[in-house]
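Hi there,

Here is the structure I promised to pass on. My notes on what turned up follow below it.

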Amino acid sequence: MRVEPPAGQAVFEDCDLGDGSRVPSDFPRNSLAPAASAEHQLACGLSTQLNALGEPSLFPLPRAAEVYRVLWLRSGAHPVSVRFERQGDTGQLRGAQSGGKGLGDPGDLLEESSAVATLAQVQDLVARIEATHLWDPPSSPSTLPSIDSGSLWVFEGARAGQYRVRVFQRDALARDPAFGALGRTLLAASGLHVEGGVY
């Protein structure tokens, strides 16, 4: 699914982190699926994982910013995120892995990495991002994604004041080689020690 927050003020609903604290959802309401309690639960589940991984919300960001991120959740393995911040021909990479599993308890931060992206890496990542057509006109989400297929991939992008999010279950990602290649490239560039195969 390819979505963009509706025109006007985006609405962010608070999420209960389970320890008595609350944080705003990282995802504008109705950006992951049609607005309903299940969509809010998914947004909060993803936001809780990102919070544990030390990741900020990508919306809104300053218009000059250009940032991309993948969040990879597996039902039986640790959550992983990789963020790529681009500044022209240069860029920064930050990877993180927490001790949780799936959309359950996120656990503690296990591993964190950061690196300056080389010119070749920046050029490769930009080409792969463009190949996904992430910035094509968005369509409305129709169904609620889940981790039932074994893994869930969440791709986000923010540039020139615009925001996009695409969510794939394992089988859907296998049918979209451009996003699959981008996810694998970001994971490889992160330097994280990810156990098991990429699926």
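Arg86 and Glu66 pair in a salt bridge, with their closest N and O atoms 3.4 Å apart (a salt bridge being a side-chain nitrogen of Lys or Arg within 4 Å of a carboxyl oxygen of Asp or Glu). The two sit 20 residues apart, Arg86 in strand 5 and Glu66 in strand 4 (strands are DSSP E runs of at least two residues, helices H or I runs of at least four, numbered from the N terminus). Arg86 is partly exposed at 25% relative accessibility, while Glu66 is buried at 16% (buried is under 20% relative accessible area, exposed over 50%, partly exposed in between, with a 1.4 Å probe and protein chains only).

Before going on, the ground rules: this is a predicted model, where local features need pLDDT of at least 70, side-chain atom pairs count only at pLDDT 80 or more, and totals for chains, interfaces and linings use all residues. Residues are numbered from 1 along each chain as its sequence is written, and side-chain values use heavy atoms, leaving out hydrogens and water.

The structure holds 11 salt bridges. Another of them joins Arg69 to Glu156 at 2.8 Å between the closest N and O atoms. Arg69 is in strand 4 and Glu156 in strand 8, so this pair ties together parts 87 residues apart in sequence. Both residues are buried. They also belong to one network, built from salt bridges that share partners, with Glu55, Arg83, Glu85, Arg94 and Glu112.

Finally, Phe84 is in contact (heavy atoms within 4.5 Å) with Glu66, among others, leaving aside neighbours within four places in sequence.

Happy browsing!
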